[in-house]
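Here are my comments on the model you sent for a second look. I have set them out as numbered points so that each can be checked against the coordinates.

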Amino acid sequence: MSKEIMKERKDLEPISMYEITAKLFNHISKSVAEHLGEQGQYAMVEGIQSFIEEQGREITEHAGKACCELKPSELFSYEKLFDPQEIEQTFIKYTQVQENNGLEAMTMYAIMAKVFAYVSRSIVERFGEEGREVVMNGVGTFGEERGRDIARRAAAVGKPNNINNYLSNYDMGRSELFEYETLFHPQEIEQTFTKCVFAEQWKKDGMEEYGILYCHMIDPSIAKGFNPNFEVVHDQYVLKEGVCHFRFQMKDGQSGGTYHD
């Protein structure tokens, strides 16, 4: 098999949560820098520092001794969150420490949710409504980038970016951490999620107010990036009604289009 074919197949595999996490925080950081400047970036750092402190607290409180203080290589940091390899290495070391101390290791999905909530809370507490908008803007551009990549995936196997090729070329792998039902109707796709690892973590941490900023933006933004005529009606949320209900539709009954980079 040629290197080109092998690369193409690799490019069509689900994106790791390490890469997705790095993309998310790169977009949020860019939005913060553009709209809130240096003080906004400082708020991001403060939010991540709060998560770092929780990492250490969780281990020492469970182990009951100060000798279990985490090493820098086991702690997430502002700088690490922009590099998928750094995220992966830290995740592996951190979860090993959790397991060695009798704790249930967190998933990368849960860690991404926790860090997002801590960062969002820090920004919103400092900047109020403007901070909320800046965080949502970052999630929005992150989602649109992912949507464009889903369209690229469809194009790579000779499919247009229409409603029929959205879920089949989705970029993030689904796991048992999500439970959902998908119904295919003539003009739309309907999905109902009864379990979402992101929402579960936000509810567990009492961070619903900040997690919902992600929920409001992510799916409509991915759909927009996939095809400007594709839209999502998200009328129920796990964080509010206990389920997430989506209706994926093409505007004006359009079937879709072709991929444009």
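The points below begin with the basis of the model and then take up helices, the core, strands and rings.

1. This is a predicted model, in which local features need pLDDT of at least 70 and side-chain atom pairs count only at pLDDT 80 or more, whereas totals for chains, interfaces and linings use all residues. Residues are numbered from 1 along each chain as its sequence is written, and side-chain values use heavy atoms, with hydrogens and water left out.

2. Not counting residues up to four places away in sequence, Ser29 touches Gln41, Met44, Tyr78 and Phe82. With neighbours within four places again left aside, Ser31 is in contact with Leu36, Val134, Asn137 and Gly138.

3. The largest nonpolar core has 79 residues, of which Phe25, Phe116, Phe198 and Trp202 touch the most other members. Its largest share, 15 residues, comes from H2. Such a core is a set of buried Ala, Val, Leu, Ile, Met, Phe, Trp, Tyr and Cys residues joined through side-chain atoms within 4.5 Å. Beyond four places in sequence, Phe198 touches Met17, Tyr109, Met112, Ala113 and Phe178.

4. Helix H4 (residues 108-127) has 20 residues, and its end C-alpha atoms are 28 Å apart, which agrees with the 28 Å that it should span at 1.5 Å a residue; the expected span is 1.5 Å times one less than the number of residues. Because 16 of its 20 residues are buried, H4 is largely enclosed by the rest of the structure. Just after H4, Gly128 takes a positive phi of about 65°.

5. Strand E4 pairs with E2 in the antiparallel sense over six bridges, and strand E3 (residues 230-236) pairs with E4, also antiparallel, over six bridges; pairing requires that DSSP finds at least two bridges between the strands. Glu190 stands opposite Arg247 in E4, and Gln236 stands opposite His245 in E4. Six of the seven residues of E4 are buried, so this strand is largely enclosed by the rest of the structure.

6. The count of aromatic pairs comes to 23, taking rings of Phe, Tyr and Trp (its six-membered ring) whose centres lie within 6.5 Å, with planes under 30 degrees apart counted as stacked, over 60 as edge-to-face and the rest as tilted. The rings of Tyr166 and Phe248 have centres 5.6 Å apart and planes at 45°, so this pair is tilted. Tyr166 lies in the loop between helix H5 (129-156) and strand E1 (179-184), and Phe248 lies in strand E4 (residues 244-250), 82 residues apart. Tyr166 is buried at 1% relative accessibility, and Phe248 is buried at 2%.

7. For Phe193 and Phe246 the ring centres are 5.9 Å apart and the planes at 85°, so the pair is edge-to-face. Phe193 belongs to strand E2 (residues 188-195) and Phe246 to strand E4, 53 residues apart, and both are buried.

Terms used: Contact means heavy atoms within 4.5 Å. Helices (H or I, at least four residues) and strands (E, at least two) are DSSP runs, numbered from the N terminus. Buried means under 20% relative accessible area, exposed over 50%, partly exposed in between (1.4 Å probe, protein chains only).
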